Amino acid sequence: MIEVKNVSKSFGDHKVLDNVSAVFETGKVNLIIGASGQGKSVLAKCLVGLHEVDEGEILYDGQDFCQMSSEVRRKIRTEIGMLFQGAALFDSMTVEQNVSFPLSMFSNMSKAEMLDRTNFCLERVNLAGRNKLFPSECSGGMQKRIAIARAIAMNPKYLFCDEPNSGLDPQTSILIDALIKEITYEYNITTIVITHDMNSVIEIGDNINFIYKGQNWWHGNHKTIVSTDNKEVGDFVYASDFMKQIRTKLA
Amino acid sequence: MNRIANIGKYCLMLWVVFSKPEKFKIFRKRTFDEIQTIGINSLPIVALMSVFIGGVIALQTASNMDNPILPDYTIGYITRSSTILELSPTIISLILAGKVGSNVASEIGTMRITEQIDALEIMGVNSLSYLVLPKIVAAVIFFPILITFSMTLGIVGGWLSLIISDLSTTETYLIGIRYYFKTGDIVYALTKTIVFGFLIVSISSFYGYYAKGGSLDVGRSSTEAVVSSSVAILIANFLLTQMILL
């Protein structure tokens, strides 16, 4: 479980996060949603330590991540898997080398064991046999799946996904969402997904935090979000004409 | 003010770079890969430049040798001295600052803007040590080899140009090459080379690692890396000459 307590973060005079508190539960898909520029990516970067917070605490299973030494923090990070918006695969490495990279850095597995684990992870994301391809030879959806395979290679306790569906067609987006959900339940991971894709919100949002003006404005799940009377959440969820029509029908 | 802040940031970067590598096996493999990229791939350009620079030095010296008091072997002597003391270590290092420096800065810069460095950090990898240390070790090991190769080819280039232009004989040139030879000159040149190699790779890595923005900014970082490492080479050249030769 990851707990965020009263976290604030500013860049110069601009306060991006303002006293944000949230709980991200284990074995659930926790979403951070919100319009662009509201601070959700900054919150995610604070959670993984890419930005230092100005105030507040970030607790990984009770341990304060902000107060840890870089060595202890590095140890925690080996338990984190992250799927970046642009996949962030290593260009110079093949699919197999990308997936086995964390294993080669942090495990004492033999080459054969590493290959087994890599093949298992690739099978898990339906990419068996694509070992020797380079990222540039893969489609956007494949790259995201390779990134998921790399993220789960070390059996992480925490999985972060930064806009996993950006740039993907609706069908591939649904596949990626389903994969994230399956992996979370199967391995009992604390998964945090940053998204503004409404499909993802409805499909996989076990626990949703709506960030607005740098604050955790609303908290709920995929059932309560469609019926909330919170104006800002409503404006976000029912932004398109199509969704407005659905709201009218639901009403 | 910004320059001073950058120097501080550069020193802090070096502090992290020289921490113990995560896995020695991976560090060794990456170092050999970098020797290939930084060193062996630079051999053709170094060979071409050295032969022509050596040739031009010999021709210019020969064209200015109109004083009958000066012996003919002076051409060989001057070609050797200029090549070993300055042209190979400094001029070739400046060329390598362009070739290797821009390559290193753009490679690391692209990794930065495509979040590959963030991915390394989140995995728990010390990205600076993983990316930069093998490059520095490769440069420090292989640059002296490149420069020794360049010295040899520079002297050969001088000999070829004199023979082709019929301005001297092989025997006279060889006398000049051997005349008043000091091993200390080679030590001085190779010491300079090691320092230059370190400066080129570390400064270029610095600009690449702290690149921000998009592809345009990576290009800008790459240019700044080449300019700054060239200036650093010139300053270090002056200081090392003061310290070692005088």
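Guide: Start at Leu59(A), which stands opposite Asp64(A) in S5(A). The model is predicted, so local features need pLDDT of at least 70 and side-chain atom pairs count only at pLDDT 80 or more, while totals for chains, interfaces and linings use all residues. Residues are numbered from 1 along each chain as its sequence is written, and chains are lettered from A and ligands numbered from 1 in the order in which they are written.

Strand S4 (residues 55-60) of chain A pairs with S5(A) in the antiparallel sense, over two bridges. Pairing here takes at least two bridges found by DSSP; helices (H or I, at least four residues) and strands (E, at least two) are DSSP runs, numbered from the N terminus. The sheet around that pair is open and antiparallel, with four strands in the order S2-S1-S4-S5 (chain A). At its edges sit strand S2 (14-24) and strand S5 (63-64) of chain A, each pairing on one side only. Helix H1 (residues 40-47) of chain A packs on the sheet, touching strand S1 (2-11), S2 and S4 of chain A, and its direction makes about 65° with that of S2(A). Contact means C-beta atoms, placed from the backbone, within 7 Å; axes are lines fitted to C-alpha atoms, for helices over the stretch in contact, with angles from 0 to 180 degrees between N-to-C directions.

Further along chain A there's a hairpin: S9(A) and S10(A) have two residues between them, and Lys213(A) in the turn has a positive phi of about 50°. Strand S9 (residues 207-212) and strand S10 (residues 215-220) of chain A run antiparallel, joined by five bridges, and Ile211(A) stands opposite Asn216(A) in S10(A).

Now hop across to the other chain. The contact takes 16 residues from chain A and 13 from chain B. On the chain B side, helix H5 (residues 116-123) gives the most, with six residues. That side splits into five nonpolar, three polar and five charged residues, where Ala, Val, Leu, Ile, Met, Phe, Trp, Tyr, Cys and Pro count as nonpolar, Asp, Glu, Lys and Arg as charged, and the others, Gly among them, as polar.

Within chain B, helix H6 (residues 127-165) and helix H8 (residues 183-209) have axes that come within 8 Å and cross at roughly 150°. H6(B) and H8(B) are therefore roughly antiparallel (over 145 degrees; under 35 is roughly parallel, 65 to 115 roughly perpendicular, the rest oblique). Their crossing is right-handed, meaning the near helix is turned clockwise from the far one by less than a right angle (anticlockwise is left-handed). By class, the H6(B)-H8(B) contact has 16 nonpolar, four polar and one charged residue.

H6(B) has another partner: helix H4 (residues 74-113) of chain B packs against H6(B) at about 145°, axes 8 Å apart, with a right-handed crossing. Among the residues making that contact are Ser88(B) and Ile92(B) of H4(B) and Ser150(B) and Gly154(B) of H6(B). Those four turn up again as neighbours of Ser50(B), which touches Ser88(B), Ile92(B), Ser150(B), Leu153(B), Gly154(B) and Gly157(B), leaving out residues up to four places away in sequence. Ser50(B) itself sits in helix H3 (residues 43-63) of chain B. It counts as buried because it has 27 C-beta neighbours inside 10 Å (20 or more other C-beta atoms within 10 Å means buried, 12 or fewer exposed, in between partly exposed). The C-alpha atoms of Ser50(B) and Gly157(B) are 7.3 Å apart, with 107 residues separating them along the chain.

Technical notes: Two residues are in contact if their C-beta atoms, placed from the backbone, lie within 7 Å.
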